[in-house]
Amino acid sequence: RMTISPGTVIAPGSTLYIGRDAVAFRSRETSPRGNEKRFLISGYDGQLSARGETIELYNSSNNLVNSFTYSGQPTAMQQWLRITEIHYHPLGATPAEYALNAGWSAADFEFVELTNTGDLNLDISGAQLVEGIHFVFPHATLLQAGASILVVANREAFEARYGSEIDVAGEYAGQLDNSGERIQLHDDAGENVLEFIYDDEWYPGTDGGGQMLQIINPAAAPASWNDRESWRAVGGDNTMDYSD
């Protein structure tokens with residue numbers, strides 16, 4: 001989104017370029033780029049999606065002047081990487097867990113699961129959880145076809161409850177909101193892979209009852225992650241459930 005400043009004039013036969021960042025535009029290796037006497041303004045909000053979208057141009061009276069739709073070319077992570085399970089409000093520590101660490105709270109047992117839904121191995125290095133919780137997948141994080149990986153609030157607490165055999169990428173910063181919130185996943189280029197809001201009212205058992213939210217169809221359209229019907233409640237009694 002960008003508002004062109006009053007007084008901006010495009011000469012007959014000329015072209016106006018609108019860039020997100022002027023320095024990056026001038027550093028492009030191919031034309032259009034710097035040192036070509038291009039008419040450039042920069043600083044728009046948002047990002048052009050690699051998935052494709054429609055761009056609309058409005059005049060000062062808020063009337064649609066023109067629109068353009070491009071098909072795009074989704075990145076590998078946009079096509080195949082999905083968040084498939086969320087444990088946002090776990091049960092508190094059991095007596096055995098409390099004996100290991102009396103400082104653990106229910107939030108220490110939170111986790112988020114991500115899955116490669118494709119048929120080929122997927123390098124997810126640099127993928128980022130950027131809203132709700134924050135985590136950057138480290139270099140050389142390779143996720144095999146159909147495999148899952150977790151990010152957790154507290155690795156020591158997680159392994160005390162679920163064991164050390166589950167693939168964990170690391171600990172995220174922040175905490176999942178027990179009332180529900182927006183979760184956003186970007187790829188290593190900053191492209192939006194997945195963005196949705198979960199709700200604690202969808203399934204009461206997931207709100208402190210020991211169950212997790214699990215996506216039913218990982219191959220569904222990304223927009224469906226916002227729908228209650230796309231999720232189910234699984235597990236319970238501090239166990240994990242990967243059944244179909």
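Visitor: How many salt bridges does a search of the whole structure find?

Guide: Welcome! The search finds five salt bridges. Please keep in mind that this is a predicted model.

Visitor: What makes Arg38 and Glu36 a salt bridge?

Guide: The test is a side-chain nitrogen of Lys or Arg within 4 Å of a carboxyl oxygen of Asp or Glu. For the side chains of Arg38 and Glu36, the N to O value is 2.9 Å. That lies within 4 Å, so the pair counts as a salt bridge.

Visitor: Are Arg38 and Glu36 called buried, partly exposed or exposed, and why?

Guide: Buried means under 20% relative accessible area and exposed means over 50%, with partly exposed in between. Arg38 has 34% relative accessibility, so Arg38 counts as partly exposed. Glu36 has 30%, so Glu36 is partly exposed too.

Visitor: How do you know that Arg161 and Glu97 form a salt bridge?

Guide: Their closest N and O atoms are 2.8 Å apart, and the limit is 4 Å. The pair therefore passes the test.

Visitor: What makes this a link between distant parts of the chain?

Guide: Look at where the two partners sit. Arg161 belongs to helix α4 (residues 155-162), while Glu97 belongs to helix α3 (residues 95-100), and the two are 64 residues apart.

Visitor: Why are Arg161 and Glu97 put in their accessibility class?

Guide: The cut-off for buried is under 20%. Arg161 has 10% relative accessibility, so Arg161 counts as buried. Glu97 has 6%, so Glu97 counts as buried as well.

Visitor: Which residues stand opposite each other?

Guide: Leu81 stands opposite Asn116 in β6. On the β16 side, Glu85 faces Gln214 and Ile86 faces Leu213.

Visitor: What is the order of strands in the open sheet, and what makes a strand an edge strand?

Guide: The six strands follow the order β12-β11-β6-β5-β16-β17, with mixed pairing. The edge strands are β12 (168-171) and β17 (231-234), each pairing on one side only. Neighbouring strands are turned by 25° against each other on average, direction ignored.

Visitor: Which helix lies across strands of this sheet?

Guide: Helix α4 lies across β5, β6, β11 (148-152), β12 and β16, running at about 135° to β12.

Visitor: And why is Met2 called partly exposed?

Guide: Met2 has 32% relative accessibility, so it falls between 20% and 50% and counts as partly exposed. Met2 lies in the segment before β1 (16-19). Together with Ile4 and Ile18, Met2 makes a nonpolar surface patch of about 220 Å².

Technical notes. Residues numbered from 1 in each chain as written. Predicted model: local features only at pLDDT ≥ 70, side-chain atom pairs only at ≥ 80, totals over all residues. Heavy atoms only, no water. Patch = residues over 30% accessible without salt bridge, like charges linked within 9 Å, V, L, I, M, F, W, Y side chains within 5 Å. Areas by Shrake-Rupley, 256 points an atom, 1.4 Å probe, with all protein chains shown as cover. Helix = DSSP H or I, 4+ residues; strand = E, 2+ residues; numbered from the N terminus. Buried < 20%, exposed > 50% of the residue type's maximum accessible area, 1.4 Å probe, protein only. Pairing = 2+ DSSP bridges. Axes fitted to C-alpha atoms, helices over the stretch in contact; angles between N-to-C directions. Contact = heavy atoms within 4.5 Å.
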